[in-house]
Amino acid sequence: QRDWRIYADLAQILLRRARRLYANDPLSIALDEVVYALDASIIDLGLSLCPWARFDRQRAALKLHTQLDLRGPLPAAVQITPATTQEVTWLDKLMFEPGAFYLMDRGYVDYARLHRIEQARAWFVIRAKSHMSYCRLHSQPVDRSTGLRSDQIITLNGFYAAKDYPDKLRRVRFYDEAQAGGLVFVTNHFGLPALTIAQLYQQRWQVELFFKWLKQHLRIKAFFGRSENAVRTQLWVAVCVYALIAIARKQLKSQSSLFEVLQILSVSAF
């Protein structure tokens, strides 16, 4: 019966505490800056049980948006919205930290919003859309044995794209042998080696692992209540539990995984 916002506020407090504990943990890439991965995941609900969350003719769902700090990894910001909400609109809610990196998939390509990251003196690495129109200004040499194919300085073509993002960009093309396909990244950082840009983007998979962990190990597939308040409460409780496990692991100086700590403590939903 309690308002879900109580648990949302508690989650923010716990996440801030956890992030302070993990602030000095090293990244897998030698960078001193904070690195965030942004993504969203659909939380399926039964349409007959939760008609208030109708997604389409056959489904009901909510969407969990996460800005994951890769030190931990721990969510720095979380938002739960109707499933029809486009991922890119969440960028309007975020306060970008100067000097931080933001890793995003193609669903976040919006040049006006990306330029706001540039204006905040932050950095982004994002997958380019296949139909991106651009003008190459300069090409830099690359070592093709590393998987790199090109490293270019570009400007955007098209009236609206150039108006939304009038500054130069960097386009890095990389061949991923594991996926047997090419990947194209766009970034506003011109100083890092091209290979580091590609390796940075590959770290974005950690946010997908976070969603997978929540769904597999915490109770967000079956719900105790059917109302919007009950469902949102349970989702925020799951985020609280994740933060509590991370805090306990660090305070106990344990080398166990988060799942092992969860099993040991046998945490239930509050």
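The paragraphs below take up the fold as a whole, the nonpolar cores, several individual residues and some backbone features.

## Overall dimensions

The model is a predicted one, and its chain has seven helices and nine strands. For 270 residues, a compact globule would have a radius of gyration near 18 Å, and the 20 Å of this chain agrees with that expectation. Taken along the principal axes, the C-alpha atoms fill a box of roughly 60 × 45 × 35 Å. Of the 270 residues, 47% count as buried, while the chain exposes about 14,200 Å², of which carbon and sulfur atoms supply 50%. When contacts between residues at least 6 apart in sequence are considered, 54% of them join residues at least 24 apart. The side chains include 36 positive and 24 negative ones, and the centres of these two sets lie 4 Å apart.

## Nonpolar cores

The largest nonpolar core has 63 residues, and those with the most contacts inside it are Leu-31, Val-35, Val-125, Phe-185, Leu-200 and Trp-236. Helix 6, spanning residues 228-251, provides the largest share of this core, with 13 residues.

Which residues does Trp-236 contact, leaving aside its neighbours within four places in sequence? Its partners are Trp-4, Tyr-7, Ala-8, Ala-11, Gln-12, Val-78 and Ile-80.

Not counting residues up to four places away in sequence, Val-88 touches Gly-107, Tyr-108, Asp-110 and Arg-113. Between Val-88 and Gln-251, by contrast, there are 163 residues of sequence separation and a C-alpha to C-alpha distance of 36 Å.

Arg-59 is placed in the loop between strand 1 (35-45) and strand 2 (60-69), whereas Ala-60 is found in strand 2. Are these two residues buried or exposed? Arg-59 has a relative accessible area of 33% and is partly exposed, while Ala-60, at 0% relative accessibility, counts as buried.

Apart from residues up to four places away in sequence, Arg-59 touches Ile-42, Asp-44, Leu-47, Ala-53 and Arg-54. With the neighbours within four places left aside, the contacts of Ala-60 include Asp-44, Leu-47, Ala-53 and Arg-54, as well as Ile-43, Leu-45, Gly-46, Cys-50 and Phe-55.

Leu-195 belongs to helix 4, residues 194-202, and is partly exposed, with a relative accessible area of 25%. Beyond its neighbours within four places in sequence, Leu-195 is in contact with Thr-146, Leu-148 and Phe-174.

| Pair | Separation in sequence | C-alpha distance |
|---|---|---|
| Arg-59 and Leu-258 | 199 residues | 32 Å |
| Leu-195 and Val-142 | 53 residues | 8.7 Å |
| Ala-60 and Ala-83 | 23 residues | 8.0 Å |

## Backbone features

Most residues other than glycine have a negative phi, and most peptide bonds are trans. Against that background, a few positions in the model deserve a separate description.

The peptide bond leading from Gly-72 to Pro-73 is cis, with omega near -10 degrees, and Pro-73 itself is placed in the loop between strand 2 and strand 3, where strand 3 covers residues 74-82.

Arg-121 is not a glycine, yet its phi is positive, near 60 degrees. The place of Arg-121 is in the loop between helix 2 (111-119) and strand 5 (123-127), and a relative accessible area of 67% makes Arg-121 an exposed residue.

Lys-253 likewise has a positive phi, about 55 degrees, although it is not a glycine. This residue is placed in the loop between helix 6 and helix 7, the latter spanning residues 258-265. With a relative accessible area of 73%, over the 50% that marks an exposed residue, Lys-253 is therefore exposed.

Key:
Residues are numbered from 1 along each chain as its sequence is written. This is a predicted model: local features need pLDDT of at least 70, side-chain atom pairs count only at pLDDT 80 or more; totals for chains, interfaces and linings use all residues. Side-chain values use heavy atoms; hydrogens and water are left out. A nonpolar core is a set of buried Ala, Val, Leu, Ile, Met, Phe, Trp, Tyr and Cys residues joined through side-chain atoms within 4.5 Å. Buried means under 20% relative accessible area, exposed over 50%, partly exposed in between (1.4 Å probe, protein chains only). Helices (H or I, at least four residues) and strands (E, at least two) are DSSP runs, numbered from the N terminus. Contact means heavy atoms within 4.5 Å. The radius of gyration is taken over C-alpha atoms; the globule rule is 2.2 Å times the number of residues to the power 0.38. Accessible areas come from the Shrake-Rupley method with a 1.4 Å probe; for residues, only the protein chains shown count as cover. Lys and Arg count as positive and Asp and Glu as negative; His and the chain ends are not counted. The place of a charge is taken as NZ of Lys, CZ of Arg, CG of Asp or CD of Glu.
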